[in-house]
Amino acid sequence: MATLNVLVAVCLAYVAVLFLVAFVAERAAARGRGWLGGPWVYTLSLSIYCTAWTFYGAVGYAARSGLEYLTIYLGPTLVFVGWWWLLRKLVRIGRAQRVTSIADLISSRFGKSNMLAVGVTILSVIAATPYIALQLQSVTLSFEVFARADGGAAASSAPASTAFWVAVGLAVFTVLFGTRNLDANERHHGVVMAIAVEAVVKLCALLAVGVFVIWGVAGGVGDVMTRIDASEIGHWQMDGGRWATLTFLSAAALLCLPRMFQVMVVENDEERHLRTASWAFPLYLMLMSLFVVPIAVVGLDLMPAGTNPDLFVLTVPLSQGQDGLAMLSFIGGFSSATSMVIVAAIALSTMVSNHIVMPIWLKLTGGGAIVSGDVRHVVLMARRVSIAGVVFLGYLYYQLSGGGAALAAIGLISFAGVAQVLPALVGGIFWRGATRAGALAGLTVGFAVWLYTMFLPSFGQGVILPAAVMQEGLFGLDWLRPRALFGIDGLDPLVHAVIWSVGLNTLVFLAVSLASFPSPLERLQGAQFINVFQHSQSPGGGFGGTAEAEDLLIMSQRILGAREAQALFHAEAARQGIEGYLPDPTPEFLQVLERELSGSVGAATAHAMVGQIVGGTTVSVEDLMAVADETAQMMEYSSKLEAQSRELSRTARQLREANEKLTRLSVQKDAFLSQISHELRTPMTSIRSFSEILREGGLERPERHKYASIIHGEAIRLTRLLDDLLDLSVLEDGQVSLNIRRARLADLLDQAEAAAGAASGGTGLEIRRDGPVDQVWITTDPDRLSQVFINLISNARKYCDAAGPRLTINVTQAGERLMIDFVDNGSGIPPDAQDLVFEKFSRIGDQKAGGAGLGLAICREIMARLGGSVSYLPGQGGAAFRVILPLHQAMAAQ
Amino acid sequence: MSRPGNALFLERRTYRRRRLVDAARFLPILGAVLWSVPLLWSSDGAETVPTSRAILYVFGVWCFLIVAAFLLSTRLRSDPPEEPVERP
Amino acid sequence: MGKHVLVIEDEPNIIEAISFILSRDGWRVDTHSNGHDAVETVHAKAPDLVILDVMLPGKSGYDILRELRADAQTQALPVLMLTARGQNKDREMAEKMGASQFMTKPFSNADVLACVRALVGAG
């Protein structure tokens, strides 16, 4: 009894030390990290991969199947050595998305689907249950060994109660340290530290037993090698399928086991720790498996036939009287078991409480106005209950399965179960096309096949699956036999189950993903996951109050534009009585902000974005920035497109206008040419005709003189026409060079009167002037201006049909302009012709005045060049033309 | 004055780093291949490989992988942690 | 002799020229210089031939011609059209309207005379 009591005492003392370590680490972490967050602690914490299954089971495994046990460590070694491929990305995503568990990761990737999270959680709990049972079993068995050595009195009643008390103890320890506080990042520094210590203890224990076996029992390395080759496992006898399948399975399990995900990703303090772990963890694994075969072989040699090889690590030292070493070994095994159960319980309880308990609780309570303290309390309770539940499930499985099966077999069942997550996990972080429906379908199919071919048969024939089903298949269908699906017989049961479950899982996942369509949130998350290295730098800590406001401001600036966002925030801050741009994120303000943002990005997105920042949950600010940037780019792009299409339509309109103008011009040109032709041919006709008459001779002198005069007159008319045309074309082309000078208006009018009088032979037109004509000086081209005046005066002289023709020149200054009106007392121009007088070749009435009809057209062009205008002034009693000159060229004389 | 030389140096560093990353990517594949070699050994008959030899082989490969991973991780450590080499 | 020609033309110098040519050849020449009452003048004077300008103040030569052709009395009256716009479409227009002959200004005196003789001889 003494030994057993000592054993219990040592156990309790060891647990007390662990408590102390965890407590100190917890306190140290609260003060600041220091040595706690180092890569070594990280690497050692990974050692929970090596559970009691490794510590005890590996030796038993080796004793039964030779080197096959190595596969369990080769897979993880490959994954860690190849960290650059997968682990690096996994850890980065975990940190960038603030992932709390593997279920959270999967759900987060596939559009935050809680259904997926629930699926992964259930799968994980079911898969972990045998594994926890395994740990309980190993502790119980090791107790039994000591009890038997002690005398065997208490042995018969011990197992069940031992397992029970161990389970209770583990649950209490886990609750105490796993749920002491609610860290936003789900980190547990105390627990991690305790696990690191346990990792050292179990490695030392196993190495010590190995060293004792090789140099204490056998005669050194050479002797052990000889013994190995001489033993029943002395030859390489390996099923290649199992070797490959198990290597794959262990690699998959490392990635998918909730507890491994917990220490590898969630508890990861810094990404660079992974780099150290990439070689240090394989080294740890190698050391753990180094002495397994020697211990197994020596155990087979030493122990009587029928001894459980799973316990050689304990029984060999005991048989050699090495009680101290046996005690150390026991502590090592105890460490392995407890660390696994603790971390698994923490990881699973996080998943259960986050994805199952909390959603249900929120639904039951209506999810309405909850004081934050309440939620905290509820979450902690949910965690604690979940931990107890998970450990209890393990105990239940242990009781159900009767502790019969070999340790290794149970571990592999668990591995194959969690491996069902692998397709969704790997597909999710490398393939954008992976969808929620695909993940869900794959997971369901894989889970179902695994349950049917592996998990349920593991209880033994007749416990859950009746023997008939095992032999003849479900419903008597032969192709549904759990060990030979679709009639494919002869495979190793493990290989069979893994190939079918993972294979069908992957196939369904791919097929359904290809056939289904992801939701926008899924696509967004998919992009975040797959391009995690482009989006995120290593993210920092959590958000404080002002950090929230600042993050909101930064995000809003990207969406609303800097000025609008700042104005919005400034106004709100002022309303709250805060200086600056960072108001408290009150619910009212968040509502306002959401409304503002939804104008730019849509209501759902705005809600999600604000919710993510304020809730501080799974999407990091950097990722939101990435989304905002994408949105901004999209908006910029679409506004660019809009601008382009506006420009296009503008160009099209311009082209259309240009085309219309060209068409109009072409019509005008035809008309103009036709007019020119007419105006040229008419005098030419007279000239030619009379030239022929004169050439024929035989005319009287007066006739000859008359006809020669006609020819002369028509020639002059032609010349004048050509001059006018030339003048007009120069004016219209804008090539005319103006000779700007200062001139007195009165002088110009005098010159014009004289010229017009001379040209028309001086018929009696009375000209009056009105207004301040004499005082006005103007800066203009005097020659051009008087050309206009001459034209107007001679028009009056030609067309004024009054008996006593009179022209009044009226000068007025109106605002910025100088106006000169030429009004005669004739009958004027009929209204329907008034807007035609300035057109080329237009002649009013049937009066022949010898002009080609270009005079007023030329006047109009000249006035346009001089910055003024000439127009017909109706309603003045006679023909009236108004010349307007800009005043900035017209200066009043002193 | 040392601008061109500096740029050259950086470029060489980047190049070296890329090759290191290539090596880091290649290492697990090499490991998987090496550990698949035992599949070729005959499992029955007289010509079977002794377990001691198998242990030496498997653990030899293991040690090689650990040393290689160690060397790669120290080399990769000496470079800046954030790198633009994600898209080869 | 003593055949009667009516010249409808608005350019005094051209009227003068045509009158001179035709008078010298023994034609009796009447002139009219606008489009408004040209048709009435034709009816009043009842010439053997009309020389008609296209561009007339008041009413175009084409309109006058159409009216003449629409009237049974002047339906077959020989009309020589003169135009200063020597484009093909003017010639086509004149032919369509039923001009007996079409000439482009400037013309040669001999051509006008020959044309008038031919038209009246034929008519």
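Chain B contains two helices and zero strands; helices (H or I, at least four residues) and strands (E, at least two) are DSSP runs, numbered from the N terminus. Of its 88 residues, 18% count as buried, a residue being buried if 20 or more other C-beta atoms, placed from the backbone, lie within 10 Å of its own. The model is predicted, with local features needing pLDDT of at least 70 and side-chain atom pairs counting only at pLDDT 80 or more, while totals for chains, interfaces and linings use all residues. Residues are numbered from 1 along each chain as its sequence is written, and chains are lettered from A and ligands numbered from 1 in the order in which they are written.

In chain A, helix α12 (residues 258-266) is mostly covered, with nine of its nine residues buried. Among them are A:Arg259, A:Phe261 and A:Gln262.

Two residues separate β6(A) from β7(A) in a hairpin, and A:Gly815 in the turn has a positive phi of about 60°.

Between chains, 18 residues of chain C are in contact with 16 residues of chain A, contact meaning that the C-beta atoms of two residues, placed from the backbone, lie within 7 Å. On the side of chain C that touches chain A, helix α1 (residues 12-24) of chain C gives the most, with four residues.

Methods: A residue is buried if 20 or more other C-beta atoms lie within 10 Å of its own, exposed if 12 or fewer, and partly exposed in between; C-beta atoms are placed from the backbone. Two strands pair if DSSP finds at least two bridges between them.
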